[in-house]
Amino acid sequence: MINTATIMGRFAREHDIRIAGSNQKVLRNTIAVSHKYNGEEKTDWIDVVAFGKIAETLETFTGKGDEITTTGRLQTSTYERKDGTKAKDTTIVISDFSFGRKAGGATQQAPVETYDVNPDDDLPF
């Protein structure tokens with residue numbers, strides 16, 4: 001079976017960050033994805049969640065209004081509302097992402113680590 005979803009949109013709000021029992025970060029947010037329907041602009045609001053290093057990276061380098069492309073699996077959970085009716089939520093659990101434009105318009109990139117390499121050093125290969 002295949003369970004993969006890829007979306008591109010903008011974070012709808014600031015991230016909701018929590019720490020899970022295993023001391024790893026959990027990031028929750030909603031991504032606004034625009035499309036045209038019958039010539040009219042519509043927006044879908046897709047809930048996403050990220051764990052661990054992905055959550056840490058997104059928390060550090062993205063925020064409300066920033067563009068993001070995410071890939072992950074769909075996860076559906078059921079629960080009972082206060083009025084006793086049953087409800088379902090579907091969320092994308094992010095497994096991969098790429099940065100898009102910042103809310104102000106600039107393209108965002110993660111910092112690049114650089115290393116000094118001296119060609120005269122004895123390298124093990």
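Helices (H or I, at least four residues) and strands (E, at least two) are DSSP runs, numbered from the N terminus.

This is a predicted model: local features need pLDDT of at least 70, side-chain atom pairs count only at pLDDT 80 or more, and totals for chains, interfaces and linings use all residues. Residues are numbered from 1 along each chain as its sequence is written, and side-chain values use heavy atoms, without hydrogens or water.

Take Ile-7. Leaving aside residues up to four places away in sequence, Ile-7 touches Ile-31, Val-33, Ile-46, Val-48, Ile-68, Thr-69, Thr-70 and Ile-92; contact means heavy atoms within 4.5 Å.

Now the rings. How many aromatic pairs does a search of the whole structure find? Two. Rings of Phe, Tyr and Trp (its six-membered ring) pair if their centres lie within 6.5 Å; planes under 30 degrees apart are stacked, over 60 edge-to-face, the rest tilted. Phe-61 and Phe-99 have ring centres 6.1 Å apart and planes at 75°, so this pair is edge-to-face. Phe-61 lies in helix H1 and Phe-99 in strand E6, so the pair ties together parts 38 residues apart in sequence. Phe-97 and Phe-99 are also edge-to-face, at 5.4 Å centre to centre and 75° between the planes.
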